[in-house]
Amino acid sequence: MTFWLLTAIAWVILVLALVAAGYLLARRRPARMNSMALLNVVLGILLLLGVAPRASAIEHHKNDGTYTLERGKTVNDSLMIGGDTAIIDGDVNGDLIFGGRKLLVRGNVKGDLVAGTQITEIEGTVGGNVVAFSQWISITGKVAGNVYGWSQQFRETAAGKIDGNVLS
């Protein structure tokens, strides 16, 4: 992760140096100043956009079957999953976005949880808000934020804890 950041910073510095050098050369020759400066700016932008590495802040999975994040495993980005079933026993240090039939969270999600499912079960911990478009929502774990549930049936057990508001 650090390598791409250093590479991006190096490219930005290189592009800025090229633009500055072009500007200084153009100042020495007033007749060509506008064309040289414009050329250097265009080349700098092309280099910056075309060569700099792309950053990714989301991990994406698409399965026809079941996606499982095992206990002890950690995803250090937001996690987007599409498929039939997702079982989260590990930790997600970002948001969790799932579209499918069934979502079971027994691990920890540090960010928000967004689900479009038939069944959403939260037995673990969600550090942010829960936004669920589900036929059935069950919360037996802890939600630190608000719960916005558009569902046919909503259930919070005695063991469940929601620190924020519930709109269902």
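Predicted model: local features only at pLDDT ≥ 70, side-chain atom pairs only at ≥ 80, totals over all residues.

**A guided reading of the structure**

The side chain of asparagine 146 makes a polar contact with that of tyrosine 148, at 3.2 Å. Asparagine 146 is placed in the loop that joins strand 11 (142–143) to strand 12 (147–150). When neighbours within four places in sequence are set aside, asparagine 146 is in contact with Gly128, Asn129, Val130, Gly164 and Asn165.

The protein contains two helices and 15 strands. Of its 168 residues, 33% are buried. Among the contacts with a separation of 6 or more, 4% are between residues 24 or more positions apart. The accessible surface amounts to about 10,000 Å², and carbon and sulfur atoms account for 59% of that surface.

Leucine 113 illustrates the packing: apart from residues up to four places away in sequence, leucine 113 touches Leu96, Leu103, Val105, Ile122, Val126, Asn129, Val130 and Val131. Val130 is also one of the residues in contact with asparagine 146.

Nonpolar side chains are found on the surface as well. Phe133, Trp150 and Leu167 form a nonpolar patch there, and their accessible area together is about 340 Å². Phenylalanine 133 belongs to strand 10, which spans residues 130–139.

Side chains of opposite charge can pair when their charged atoms come close. In the whole structure, five salt bridges are found. One of them joins the side chains of aspartate 89 and arginine 106, with 2.7 Å from N to O. Aspartate 89 is in the loop between strand 4 and strand 5 (91–92), whereas arginine 106 is in the loop between strand 6 and strand 7 (108–109); the pair therefore ties together parts that are 17 residues apart in sequence. Aspartate 89 is buried, at a relative accessible area of 15%, while arginine 106 is partly exposed, at 39%.

A second pair consists of lysine 102 and glutamate 121, whose side chains meet in a salt bridge of 3.5 Å, N to O. Because lysine 102 lies in strand 6 and glutamate 121 in strand 8, this pair ties together parts that are 19 residues apart in sequence. Lysine 102 is partly exposed, with 25% relative accessibility, whereas glutamate 121 is buried, with a relative accessible area of 13%.

A further salt bridge connects lysine 161 with aspartate 163, whose closest N and O atoms are 2.5 Å apart. Lysine 161 is partly exposed, with a relative accessible area of 44%, and aspartate 163 is likewise partly exposed, at 39% relative accessibility. Both residues belong to a network of salt bridges that links Lys142, Lys161 and Asp163.

Conventions. Residues numbered from 1 in each chain as written. Heavy atoms only, no water. Patch = residues over 30% accessible without salt bridge, like charges linked within 9 Å, V, L, I, M, F, W, Y side chains within 5 Å. Areas by Shrake-Rupley, 256 points an atom, 1.4 Å probe, with all protein chains shown as cover. Salt bridge = Lys/Arg side-chain N within 4 Å of Asp/Glu carboxyl O. Helix = DSSP H or I, 4+ residues; strand = E, 2+ residues; numbered from the N terminus. Buried < 20%, exposed > 50% of the residue type's maximum accessible area, 1.4 Å probe, protein only. Contact = heavy atoms within 4.5 Å. Polar contact = N/O pair within 3.5 Å; in protein donor to acceptor, adjacent residues only side chain to side chain.
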